[in-house]
Amino acid sequence: MGMGEDFVSEDYLPVHRPVLLAECLNYLSPAGEAYAHEALMIDCTLGEGGHSEAFLTKYTDLRIIGLDADPEIQARAKVRLAAFGSRVTFHTGWFNDFLANYFSGNYPPPNLILFDLGVSVYHYELSGRGFSFSADENLDMRLNPLSEATAAGLVNRLPETELADVIFRFADEQYSRRIARAITERRKSAAIRTAAELAEIVYQAVPAVYRHGGIHPATRTFQALRIAVNAELARLFPALQSAFEILSPGGKLGVISFHSLEDRVVKNYFRSLCRDCVCPPGEPICICGRKRVAEGLAKKSVTAGEAEVRANPPSRSARLRVVRKLENENAARKRFASIK
Ligand SMILES: C[S@@+](CC[C@H](N)C(=O)[O-])C[C@H]1O[C@@H](n2cnc3c(N)ncnc32)[C@H](O)[C@@H]1O
């Protein structure tokens with residue numbers, strides 16, 4: 001399938017099951033909040049629309065702006081969410097770009113923002129873009145057709161040390177150097193074109209004992225290339241900052257991440273929002289005067305229970321973190337008076 005808004009049959013079946021769905025619906029609930037009746041949510045990673053569909057069904061006044069970098073998967077979400085009519089607005093593009101320019105779109109501040117990071121089962125199983133090492137597909141891995149870099153471009157053109165760094169930095173692959181060496185050796189004779197070819201090169205490059213572990217030995221290499229092609233980590237921090245900035249006072253921001261690199265960015269940023277003082281540890285009294293701007297809604301990160309992991313294995317590594325933006329004192333007082 002080529003990338004674009006290809007025809008999507010009205011009775012297609014979604015292949016991706018939304019993770020931590022009940023937890024998202026609870027932690028990011030507009031119910032009981034001051035904004036409940038005109039709540040606006042941004043689903044920054046709409047995918048096939050699984051989370052959005054559940055939010056629109058459960059919270060019947062909610063409106064959603066659904067973003068995705070990938071027009072092809074968004075075409076599926078459009079079909080799935082058609083019944084909700086004008087309650088959903090779609091936008092194709094990178095979430096960091098959209099959020100940084102949010103107010104130029106004349107939208108009001110959102111009350112709820114959800115990120116469900118990474119790629120969808122759709123990408124692995126149906127996109128035909130080489131995300132999965134078991135498929136004989138072109139090594140593309142771009143979420144957005146406008147991106148220049150492809151996975152084939154990286155494996156065929158990056159110098160060996162840079163390739164090893166990518167594989168190590170974005171996936172903690174202990175055999176990154178061996179793998180990069182094998183790739184650069186192979187490409188001397190012919191360009192590496194397909195996902196299956198790359199998987200075989202990695203398989204041959206690693207020690208035999210690594211081939212019989214719990215995961216395919218190319219899993220980490222494929223994760224690293226996907227993150228590099230789509231600049232996933234580089235986009236995350238600026239997107240979180242913009243998301244918190246545009247969020248309405250009292251609004252909630254939730255992020256589901258799938259690996260420790262992403263989760264560290266989310267955890268550290270949320271911690272900084274929820275902390276009063278950021279003076280260096282040796283300071284006898286606070287000189288920064290900083291006041292926290294958010295509260296954490298879950299004590300730690302929320303993970304999937306056994307039953308969900310059994311029913312939906314990709315949920316195994318999911319972690320949800322949620323913060324609420326504090327209202328300033330005047331707004332909180334007004335709200336309290338109106339409740340009384
Ligand atoms: C895990 S899937 C979301 C699944 C969705 N919650 C559902 O229930 O169907 C992540 C989606 O985010 C999109 N995505 C990843 N990074 C993005 C970014 N920086 N900007 C916009 N979309 C992105 C991917 O194309 C993918 O469709």
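Me: What makes residues of helix H7 (residues 160-169) count as buried, and which are they?

Reply: This is a predicted model. A residue is called buried if 20 or more other C-beta atoms lie within 10 Å of its own. In H7, Leu163, Ala164, Val166 and Ile167 are the buried residues.

Me: Why are the buried residues of H7 said to line one face of the helix?

Reply: Viewed down the axis of H7, the buried residues fall within an arc of 160 degrees, so they line one face. They pack against helix H6 (151-157), helix H8 (176-189) and helix H11 (219-229).

Me: What makes E2 and strand E3 (residues 88-92) a pair of strands?

Reply: Pairing requires at least two bridges between the strands. Five bridges join E2 to E3, and the two strands run parallel; therefore they pair. One of the bridges involves glycine 66, whose partner in E3 is phenylalanine 90.

Me: How does the chain cross from E2 to E3, and what is the hand of this crossover?

Reply: The chain passes through helix H3 (residues 71-80), and this β-α-β crossover is right-handed. The buried residues of H3 are Glu72, Ile73, Gln74, Arg76, Ala77 and Arg80. They pack against H2, E2, E3 and helix H5 (121-125).

Me: Which residues come nearest to the ligand?

Reply: Of the 22 residues around the ligand, Pro18, Thr45, Gly47, Gly50 and Ala69 come nearest. Helix H2 (50-58), strand E2 (63-68) and helix H12 (232-246) each give two or more residues to this shell. By type, the shell comprises eight nonpolar, eight polar and six charged residues.

Definitions and conventions: Residues numbered from 1 in each chain as written. Predicted model: local features only at pLDDT ≥ 70, side-chain atom pairs only at ≥ 80, totals over all residues. Near = placed C-beta within 6 Å. Helix = DSSP H or I, 4+ residues; strand = E, 2+ residues; numbered from the N terminus. Nonpolar A, V, L, I, M, F, W, Y, C, P; charged D, E, K, R; others polar. Buried ≥ 20, exposed ≤ 12 C-beta atoms within 10 Å, placed from the backbone. Arc of directions from axis to C-beta. Contact = placed C-beta atoms within 7 Å. Right-handed = clockwise from strand over helix to strand, strands pointing away.
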